[in-house]
Amino acid sequence: MKPYASSSRPPEPPPPSPTGRFTAAAATYDRCTPVQQAAACRLAAGLPATAKVRRILEVGCGTGRLTRILRERFPEAQLEALDISGGMVAHSRRALEDDG
């Protein structure tokens, strides 16, 4: 990187990481992502209703949209939901607590 003269502007900061962007968007994400809503519903609809599910690992839980569906559908299952974005996990946790 070349040094810049005092009269010129400093270099632009790097863009936020994908993790940072998802964390920043967590509060409004569900309102802006109808495709993800449809995908979660289709995925849940494809799961066998009579399955005896004991454990579920959801990787990339985001705001917990599918997590809530899975918890309702398989209330006896031990459910672990992970996401790379701490903000998304926090939002998901709050939404699950609000649902009871």
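A disulfide is a pair of cysteine sulfur atoms within 2.5 Å. In this predicted model, a search of the whole structure finds zero disulfides.

**Cysteines**

- The cysteine sulfur closest to that of Cys32 belongs to Cys41 and lies 17 Å away, which is too far for a bond because a disulfide requires the two sulfur atoms to be within 2.5 Å.
- Cys32 counts as exposed, because its relative accessibility is 57%.
- Cys41 is likewise in no disulfide, and the nearest cysteine sulfur to its own, that of Cys61, is 16 Å away.
- With a relative accessibility of 36%, Cys41 counts as partly exposed.

**Overall architecture**

- From one end of the sequence to the other, the secondary structure elements follow the pattern α-α-β-α-β-α.
- The C-alpha trace spans about 70 × 25 × 25 Å along the principal axes of the chain.
- Of the 100 residues in the chain, 25% count as buried.
- Among contacts between residues at least 6 apart in sequence, 60% join residues at least 24 apart.

**Surface**

- The chain exposes about 7500 Å², and carbon and sulfur atoms supply 59% of this area.
- Leu57, Val59 and Leu82 make a nonpolar surface patch of about 310 Å².
- One of these patch residues, Val59, is placed in strand β1, which covers residues 55-59.
- Val59 counts as exposed because its relative accessibility reaches 65%, and the cut-off for that class is over 50%.

- Ser92 is located in helix α4, which comprises residues 86-99.
- The relative accessibility of Ser92 is 3%, so this residue counts as buried, a class defined by values under 20%.
- Apart from neighbours within four places in sequence, Ser92 is in contact with Cys61, Gly62, Thr63, Gly64 and Thr67.
- Cys61, one of these contact partners of Ser92, is also the residue that holds the cysteine sulfur nearest to that of Cys41.

Notes
Residues are numbered from 1 along each chain as its sequence is written. This is a predicted model: local features need pLDDT of at least 70, side-chain atom pairs count only at pLDDT 80 or more; totals for chains, interfaces and linings use all residues. Side-chain values use heavy atoms; hydrogens and water are left out. Patches are made of residues with over 30% relative accessible area and no salt bridge: like charges are joined within 9 Å, nonpolar side chains (Val, Leu, Ile, Met, Phe, Trp, Tyr) within 5 Å. Accessible areas come from the Shrake-Rupley method with a 1.4 Å probe; for residues, only the protein chains shown count as cover. A salt bridge is a side-chain nitrogen of Lys or Arg within 4 Å of a carboxyl oxygen of Asp or Glu. Helices (H or I, at least four residues) and strands (E, at least two) are DSSP runs, numbered from the N terminus. Buried means under 20% relative accessible area, exposed over 50%, partly exposed in between (1.4 Å probe, protein chains only). Contact means heavy atoms within 4.5 Å.
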